[in-house]
Amino acid sequence: MFVLLVFSLHSLLSPALGQTIPEADHSSFIPDSEGDLYFLLDSSGSVSYDEFSKVKQFIGDLLQPFKFGPQDVQASVVQISTNPTLEFSLNQYHSSTDVNKAIQNVQQRMGDTNTGKAIDYVKQNLYAENFGSRGDVPKVLVWMTDGLSTDDISTPMKLLKDMGVSVFIISTTGRGNFQDLSAAASEPNEKYLKFVDKDDLGIITKELRDSIIEHTHTRNLQAQDITSTGFILTWSRLPEDEGRYVLEYVPVSDPGRTQQKIVYGDETSVSVSDLRSNTTYQVTLIPEYSGNYALPEVIMVSTRSEQLSPFQILISDPSAHSFRVSWGPNLDSVAGYEIQYGPIPSNIVRTLQVDSRVNSTVLENLRSNTTYLVTVSAIFKSGGEKALSAIACTEHNETKVKYLHLKDLGSSTVKATWGSADGDVQGYRVRCRRQAGHSSVISVAPQAKSIYLTDVAEGTMNKICVMPIYKDGDGKNLCRKIQMQPGTSANSYSRI
């Protein structure tokens with residue numbers, strides 16, 4: 001069995017920078033774990049120094065309880081940059097203290113984020129003896145990144161998974177493509193794909209460590225293909241085929257409902273079905289052979305919830321008047337999705353219906369520089385619903401005309417001339433705030449580049465603003481002031 005854990009810089013919490021990890025107490029070492037741990041560390045220029053430092057601290061905290069050695073766990077660090085860099089091989093250090101010191105001494109390389117290159121480098125060395133790799137132990141790759149890559153990750157990642165590697169992904173910035181990350185991660189996504197802020201890495205330290213233990217623990221009994229109603233148990237064959245197994249499984253919350261199966265000694269797996277969803281079971285496998293009673297193996301297995309979608313929402317590609325909403329996973333049991341969104345605070349709510357095969361959509365015609373509450377609801381074929389909400393913000397619309405010139409033509413007339421704004425301008429709105437008399441707002445065609453404003457009182461200071469109008473909202477005002485000279489007033493305006 002091989003395990004690849006992929007983590008992005010947006011998702012893991014560590015202690016404060018500068019905190020020293022204490023010398024390991026050997027009595028606290030995690031027992032019965034054996035595996036090769038590869039840490040793929042994003043060292044490119046897209047990662048800030050603060051992120052890089054916190055991730056290193058997190059890795060040290062994560063590994064502190066493990067026992068290192070040729071019969072235990074080994075660790076290596078490969079940096080992602082323009083070209084992959086091996087910081088230290090698997091068999092270079094044999095204690096958590098030495099491993100942590102080596103991790104904290106890693107210097108950021110900067111450069112491009114060629115993650116695909118680094119994954120391919122690990123793949124090529126997965127069985128290399130000079131890398132310190134052992135061919136008969138589980139392999140774990142922890143990929144720390146901000147979710148971005150300047151090269152393709154899909155091909156090398158697929159090859160790794162085809163070699164039996166399990167992929168865990170943790171994204172720290174939310175900038176990565178949800179569909180790409182979802183495809184790269186192992187199933188189920190709710191276990192192998194996480195999005196957590198870089199300042200909250202400690203939230204998942206125990207969960208991640210438990211996942212590594214689960215894949216590197218040398219126990220015999222394993223649970224696979226876990227669904228909402230069952231799972232498959234696998235184990236090694238008994239020394240004698242004429243023996244048998246007694247399999248017991250019981251809900252932890254209801255110990256009086258123990259169920260039992262008898263499995264013959266030449267079997268190495270069994271399917272357990274008709275279980276409760278979202279329930280933790282204690283599973284005990286008791287081998288019996290040659291009249292002897294062997295020590296049983298016990299594991300805890302949790303069935304999935306029947307309604308897992310959506311289990312997370314990702315907001316990406318923000319602009320002044322739109323952003324993309326992505327969610328997952330897609331399930332056959334979902335009939336469709338309903339997206340509700342509205343600005344905060346307000347009572348305005350818009351609703352969008354989305355096909356069950358879609359897990360991403362762009363919300364448009366939004367207000368610029370505004371916070372929105374977005375709720376994604378899965379409508380299940382069974383009639384049930386599950387909803388998840390997220391906060392999203394549109395960007396400030398900085399689009400404006402390139403320049404604005406004002407000229408006093410006398411007779412209470414001002415000529416305003418401006419340079420075209422960028423983009424698909426639908427027209428312009430010209431506002432004249434007069435020091436004396438009424439203010440006015442005039443809309444002109446998109447091809448117009450000037451306008452004559454009249455009825456501007458003599459000897460007054462007046463403010464004139466031009467704003468571009470777009471299909472999805474207004475641009476930004478450009479304003480100028482003009483001091484009128486004494487003169488006579490007219491009573492109208494004209495346009496060019």
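Patches are made of residues with over 30% relative accessible area and no salt bridge, like charges being joined within 9 Å and nonpolar side chains (Val, Leu, Ile, Met, Phe, Trp, Tyr) within 5 Å. A salt bridge is a side-chain nitrogen of Lys or Arg within 4 Å of a carboxyl oxygen of Asp or Glu. In this predicted model, local features need pLDDT of at least 70 and side-chain atom pairs count only at pLDDT 80 or more, while totals for chains, interfaces and linings use all residues. Residues are numbered from 1 along each chain as its sequence is written, and side-chain values use heavy atoms, with hydrogens and water left out.

A surface patch of positive charge is formed by Arg431, Arg433, Lys463 and Lys481. Arg431 is placed in strand β25 (residues 425-433), strands being DSSP runs of E with at least two residues, numbered from the N terminus. With a relative accessibility of 31%, Arg431 is partly exposed, a class between buried (under 20% relative accessible area) and exposed (over 50%), for a 1.4 Å probe and protein chains only.

Most residues other than glycine have a negative phi, and most peptide bonds are trans. The backbone features below concern these two properties.

| Site | Feature | Value |
|---|---|---|
| Gly328 to Pro329 | cis peptide bond | omega near 0° |
| Ile344 to Pro345 | cis peptide bond | omega near -5° |
| Met110 | positive phi | about 65° |
| Ser412 | positive phi | about 60° |

Pro329 lies in the loop between β17 (323-328) and β18 (334-343). Ser412 belongs to the loop between β23 (404-410) and β24 (413-418) and is buried, at 4% relative accessibility. Met110, by contrast, is partly exposed at 39%.

Notes. Accessible areas come from the Shrake-Rupley method with a 1.4 Å probe; for residues, only the protein chains shown count as cover. Lys and Arg count as positive and Asp and Glu as negative; His and the chain ends are not counted. The place of a charge is taken as NZ of Lys, CZ of Arg, CG of Asp or CD of Glu. Helices (H or I, at least four residues) and strands (E, at least two) are DSSP runs, numbered from the N terminus.
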